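Please open the structure in the viewer and keep the selection panel at hand.

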Amino acid sequence: MKLDLLGDFQRTHRNGDLRLEHAGQTVRLLGWCRRVRNLGSLVFLDLRDRWGLVQLVAKEETADPELLAKLKAVRSEFVLAAEGVVAERENKNPNMATGDVEIRLTALRILNTAAPLPFPLEDEGVGEDLRLTYRFLDLRREQLQRNMLLRSEVASLTRNHFRELDFIEFETPILTKSTPEGARDYLVPSRVHAGQFFALPQSPQLFKQLLQVSGFERYVQICRCFRDEDLRADRQPEFTQVDVEMSFVRQEDVQGVIEPLMVKLAKLVGKKVSAPFPRLSYRDAMEWYGSDKPDLRCGVRIQDATSLFASSGFNLFRAAADTRGQRRVRTLFFPGEAAGSLSRKALDAYQEQARQMGAGGLPYAKWGKDGLASSFKKFLDPGVEAALKDRLSVEGEGLAIFAVGTDAQTSKVLGDLRTRIALDLSATEPDPALSSLFHDKHAFVFLWVVDFPLVEWSEENQGFAACHHPFTSPHPDDLDLLETDPGKCRSLAYDLVLNGFEVGGGSIRIHDADTQSRMFRTIGIGEAEARAKFGFLLDALAFGAPPHGGLALGLDRLVMLLAGVDNIREVIAFPKTAQARCLMTDAPGPVDERQLRDLHLIQDAKQTYRVGAVFFESVEGGNAEFRGQALQQISQLTPRQAQGLVTFDSRGQILDAQTLSGPTFEF
RNA sequence: GGGGUUGUAGCUCAGUCGGUUAGAGUGCCAGCCUGUCACGCUGGAAGUCGCGGGUUCGAGCCCCGUCAGCCCCGCCA
């Protein structure tokens, strides 16, 4: 098809802006054809641009025949420039913003054609692999356009927020140094320094601290971070942080800067949130909700039931009572009819989930229409049942589930099932009593989880590791524990949690060299290693580092929640798959051997041989098998009689070849 | 590293107990159609049943392996 040129055609209006008030005006529009409706001698076309959709029309009795023919040739997603007169429609479409008007075409340019799309833009439920392969088309879809716009608004609002508070925006290096601990680094080999590597930043942590030492008392950056770990629905290998650091602050000061930002962002999507947000200690969060990022839309709390089974015949539970707190029986009670009438099948599914979380099973007690049902009913004699009902405040119907084990084990199981079951029940429960269970699915419930432990024991490394990161300040009240009982030492770290997602985390940092050295020692980083890896930080702390602290927000996750979607890929323009591939570009991919040699990633052990029918037998040294392969490959390209030189690498791959008299071949 | 799940026409899916020529809707192509907006009507083309192997007289269906997408566990200071 012959294409028209854009030429000096200029848009006069955005498609979505046209209204009755424009009637009579001649307008020039640009965009993509969403769909043609060809009724024979009457043709409609919906023209889409970034701002909306408007209907174009032409009919046989009034339109130029050439124009009409051209219009009929248009297919979905053709790129068009249209000129026409705005007119009131005969049949209005109340479902369209521009549904009162249509554009009676006077001229049409086809700027580009489009092959039929591999998937329809209107449909939901297209396979995600397809969408990711043709992401540039996927991004034409309304939902993703909205998400990208929201993301842009969030970034812009965030920048303005910090700017108003006199923060300075920085750019820190992408090529930086690998650091121990934390996530696996993405590495970049150095060409200039054989055998040495840059690492992509897991976060600009040290740089922002050093900028505090430099005197930039308020730092902000919206930056890309990289962690080479396995993915999840809310995790990508490269992600964006809103990175913040401040000098001369307590954690309340940092929180006080973040909270109003969250209020504004929530307002952006029509959610009302009020600051200050509640604070919950890590210990209470784990005890009541079994999670360090509890979803407080659900009010159900974990309760301790260990003592109720101290003299029970149920060995599994009684044994826990004998351990004096090492192992406990913990339980969750979901009140209501829906919980009391949960099917065996549903309970089995929850049990399967519990198993995946490391539990042996999922003991339950259910009070339904037919009275008590329980997986350990024979041990629930009336006395124990009454005590249990009293402990759990059971009135009427409901479901109690149990977990037994160490706090870490039971928290994991109950923490996960708490929200899972509550969410399921709230979808089916007609009973308003459930409001105590899951208040408002659509609400935004923020909180701060504070007083995280400083370090935790790592079985894998047989030593303590930093919970947050090694630069986090110990809680001043617990400083002495650093050497005596590090596992009990609290830190000045805090996480911002929204609806069960960690959307941010930060801490007050260590700002004196002595404490930093003690911290390194606690987590098994010796003097020499600390010097080698963080010498610059220790130096900086020695030259007048101010007390400082900050936080980083996970922008992708935040936008995901603001957009109300359940997958981070929906708010990233070009995301990776769960296997960390880009289906569109097919990255990562192989590179030329030349590049590998430049980067010193393969040995430069190339060997050159003379090949050809005449000289082949007289070639000296080298690997006979390689010579044979080379001869075979060369003979496919040039007559067997030719003679030439072939260069191999150490694995027998041909790097290049040339005949003595003729052409050079590339491999 | 482990577990689960999905893979059939461009797309979304059905395909019974292993048995004739693998179907539907939609999209695409062609024709008709003056008020459509998921336009309508008629006709047509369209398949490496993800890939490889095996069992069988016979495999989309059963077995083994493998690749890819998604979800979860481990991991993610």
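The model is predicted: local features need pLDDT of at least 70, side-chain atom pairs count only at pLDDT 80 or more, and totals for chains, interfaces and linings use all residues. Residues are numbered from 1 along each chain as its sequence is written, chains are lettered from A and ligands numbered from 1 in the order in which they are written, and side-chain values use heavy atoms, with hydrogens and water left out.

Next, select Asn567, where a polar side-chain atom lies 2.6 Å from a phosphate oxygen of RNA strand B. At Pro118, a polar backbone atom is 2.8 Å from a sugar or linking oxygen of RNA strand B. The elements that give two or more residues to the surface near the RNA are β1 (26-38), β2 (42-49), β3 (52-59) and α2 (128-133). Such helices (H or I, at least four residues) and strands (E, at least two) are DSSP runs, numbered from the N terminus.

Which of the 50 residues around RNA strand B come nearest? They are Glu61, Asn91, Glu102, Ala466 and His468. The residues of this surface divide into 15 nonpolar, 17 polar and 18 charged. Here Ala, Val, Leu, Ile, Met, Phe, Trp, Tyr, Cys and Pro count as nonpolar, Asp, Glu, Lys and Arg as charged, and the others, Gly among them, as polar. On the RNA side, 53% of the atoms within 4 Å of the protein belong to sugar or phosphate, and the rest belong to bases.

**The barrel**

Select β1, β2, β3, β5 and β4. These 5 strands form a closed barrel in the order β1-β2-β3-β5-β4, with mixed pairing. Neighbouring strands of this sheet are turned by 55° against each other on average, direction ignored. Two strands pair if DSSP finds at least two bridges between them.

Begin with β1 and β2, which pair in the antiparallel sense over 6 bridges. Cys33 stands opposite Leu47 in β2, Trp32 opposite Arg48, and Asn38 opposite Val43. The hairpin of these strands has 3 residues between them, and Gly40 takes a positive phi near 100° there.

Continue to β3: 8 bridges join β2 and β3 in the antiparallel sense, and a hairpin connects them through 2 residues. Leu42 stands opposite Lys59 in β3. Is β2 enclosed or open? Because 7 of its 8 residues are buried, β2 is largely enclosed by the rest of the structure. Buried means under 20% relative accessible area, exposed over 50%, and partly exposed in between (1.4 Å probe, protein chains only).

Then select β4 (residues 79-88), which pairs with β1 in the antiparallel sense over 7 bridges; Gly31 stands opposite Leu80 in β4. Axes are lines fitted to C-alpha atoms, for helices over the stretch in contact, and angles run from 0 to 180 degrees between N-to-C directions.

**The open sheet**

Here 8 strands form an open sheet in the order β6-β9-β10-β22-β21-β20-β17-β11, with mixed pairing. β6 (168-169) and β11 (279-281) stand at the edges, each with a single partner strand, so one side of each is left without a neighbour in the sheet.

Select β17 (residues 446-450) and β20 (residues 493-498), which run antiparallel and are joined by 5 bridges. Phe446 stands opposite Leu498 in β20. Helix α7 (residues 282-289) lies across β11 and β17, running at about 80° to β11.

Finally, select Ser247 in strand β10. Ser247 is buried, with a relative accessible area of 7%. Its side chain forms a polar contact of 2.6 Å with that of Gln212. Leaving aside neighbours within four places in sequence, Ser247 is in contact (heavy atoms within 4.5 Å) with Gln212, Glu217, Pro546, Pro547 and His548.

Methods
A residue is near a molecule or strand if one of its heavy atoms lies within 4 Å of it. A polar contact is a pair of N or O atoms within 3.5 Å; within protein, one must be able to donate a hydrogen and the other to accept it, and residues adjacent in sequence count only if both atoms are side-chain atoms.
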